[in-house]
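This briefing is meant to be read with the sequence and the coordinates at hand.

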Amino acid sequence: MAAATANAAANPRGFGPRASLVLILPVMLLLAVFFVLPLTGLLDQSFRSPDLGIANYVRALGSDLYMKILLRTVWLSVIVTALTLVLGYPVALTMSRVSGRMQLAIAVCVLIPLWTSVLVRSYAWIVLLQRRGIVNEFLLQTGLIDQPLRLLYREGTVIVAMTHVLLPFMILSIYSVLRSIPKDLSMAASNLGAGGFSTFRHVIWPLSLPGVYSGVLMVFIIALGFYITPALLGGPETLMMSTLIGQQTTETLDWGLAGALSVVLLGLTLLLVGLFGRALRLEGKGI
Amino acid sequence: MAGSGKSVGATTWPVTLATVIVLIFLLLPTLIVIPVSFGSEKYLQFPPREWSIVWYKAFFADAEWLAAARLSIAVASLSTVLATLVAIPATLAFSRGRLVGQGVARSLILAPMILPHIVVAVGMYIAFSRWNLIGTLPGFVAAHAILTLPFLFLTLTAAISKLDPSLELAAASLGASRFSAFRHVTLPLLMPAIAGGMAFAFITSLDEATVSNFLSSSASKTLMKKMFEDIDFDVSPIVAAVSTLIIVGSLLLVAAAQLVRRLAVRAPRPAATLPAARTQAKAA
């Protein structure tokens, strides 16, 4: 943003306010019709379908079942975010320490899953975990079990698969900050007598916090509204906000309630972005 | 460099071990579908007892799968073109113009990346049902253009901020109009970023499942919707074959995009030294 303003200021031949407006018009029209209208339509549904009023919100927020689902969604998102942080940090750290071929190899390992469809990756977990899946077959053959285990449609399965899907976002967020920390800093720390862990704790970790915050916010927000993985790998006991909204929209056809639940989820997301949005570093995500 | 690596190397073996384990966790489930797709039996096996390509043959012989693949490719191509056509002028307005309400406009363009996809999907589903756009090409294209827009916008903004505005200024002082300076100076320099952004937008559209799931009709569905239904209904190895094709296709495209970018970076750029020196001076 700052760079853009500086560019405009440095370039007296840049586009004036009117020309700028013309340039941005197409994108704004596209967004207004196919993005803003559908979202406001959802808001409209929530207050008017079937009757005018806040009945849908009373239903959404007053019901024990829906409250339980909302809490479960938040709870699962917290666990998934924590897991991606714990698993992702060492990878980002190693990636920032090695160079050349090793770095490229790690980057490829992180980017292949990122650029593989979420649906394909969720399906892969079904291949692994279903009744006659790879894990069960293996355990049966080795004699560790004599009955196939029920591994799918459980909360744990959804957590593992979501962690798998969202891990690359966390790794890349942290790495993008870690790689900009000058190598001299850890050298200086060790010259001054700090051990490896002490250097990490007092130098690297505090400096990497912007990447951690950005990754945590990004993963948590995506997890809150994640649909595909819970829809495929979850069962009735693992219903999340997203799968509940989907059900109300296409199965129960209760668009008023779907609208109210969507507004609740949207509000929660916007609240998080509003409070912590400054931490989000969207530039260069995934590329 | 090597010395600094070694000085901390002694204490990092747990980190290295953790990295290796996490990378295996990342890669293995992603790639497991590839060997599985070459099995011959109706239920999934690993490793397959007998290798075959029956599921690929089955895919290419199935009219419904092929229709879904054709639709997905059409949607990905058209939505990428549409998003690029609106993103380029928008990027110019942001980085070369004076825009009123810049913050709001930027938030709006990036919103599809941040807002929960399920909410966007359901909102579009309800609106598109009224407008009779469910299961139609224009409906899919508009939706996917909006979803890929943030990626293109971020890629282009980053690329244009690295260009030196004085290049356009130089063109202008040599008598070029603003449009022709853009056409002959800025656009060629942006081409690698545009090509890369378009490749990523194409894959994003191809892989998009949540919105496609709601906007598809029973007669017209994208590849992801067809896969979603097949997985939910009966896990047939055709899905593994399709997954393999998608993984290989996406990775080839990403590799090609990266290659284009590398080549463009290496190629000598006009007046590359002066702007570089100036950026460094600014940073210092």
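Which pattern does chain A follow when read along the sequence? Chain A, in what is a predicted model, reads as α-α-α-α-α-α-α-α-α-α-α-α-α, and its content is 13 helices and zero strands.

**Overall dimensions**

- The C-alpha trace of chain A extends over about 75 × 70 × 30 Å when taken along its principal axes.

**A packed helix pair in chain A**

- Two packed helices are described by the angle between their axes and by the distance that separates those axes.
- In chain A, helix α10 (residues 196-224) packs with helix α13 (residues 255-276) at an angle of about 170 degrees, and the axes of the two helices lie 10 Å apart.
- Because angles over 145 degrees count as roughly antiparallel, α10(A) and α13(A) are roughly antiparallel to each other.
- On the α10(A) side the contact is made by A:Leu217, A:Phe220, A:Ile221 and A:Leu224, while α13(A) brings A:Leu265, A:Leu268, A:Thr269, A:Leu272, A:Val273 and A:Phe276.

**Backbone geometry in two loops of chain A**

- Most peptide bonds are trans, and most residues other than glycine have a negative phi.
- The peptide bond that runs from A:Ser49 to A:Pro50 is cis, with omega near 0 degrees, and A:Pro50 sits in the loop between α2 (17-48) and α3 (55-62) of chain A.
- A:Tyr153, although not a glycine, has a positive phi of about 60 degrees, and this residue belongs to the loop between α7 (134-141) and α8 (155-178) of chain A.

**The interface of chain B and chain A**

- The size of an interface is often given as the accessible area lost when the parts come together.
- Between them, chain B and chain A bury about 8,800 Å², of which 79% is on carbon and sulfur atoms.
- Helix α7 (residues 117-130) of chain B supplies 13 residues, the largest share of the side of chain B that touches chain A.
- That side of chain B divides into 70 nonpolar, 22 polar and nine charged residues.
- In total, the contact draws 101 residues from chain B and 89 residues from chain A.

Methods
Residues numbered from 1 in each chain as written. Chains lettered and ligands numbered in written order. Predicted model: local features only at pLDDT ≥ 70, side-chain atom pairs only at ≥ 80, totals over all residues. Heavy atoms only, no water. Contact = heavy atoms within 4.5 Å. Buried area = accessible area lost by both parts, 1.4 Å probe. Helix = DSSP H or I, 4+ residues; strand = E, 2+ residues; numbered from the N terminus. Nonpolar A, V, L, I, M, F, W, Y, C, P; charged D, E, K, R; others polar. Axes fitted to C-alpha atoms, helices over the stretch in contact; angles between N-to-C directions. Parallel < 35°, antiparallel > 145°, perpendicular 65-115°, else oblique.
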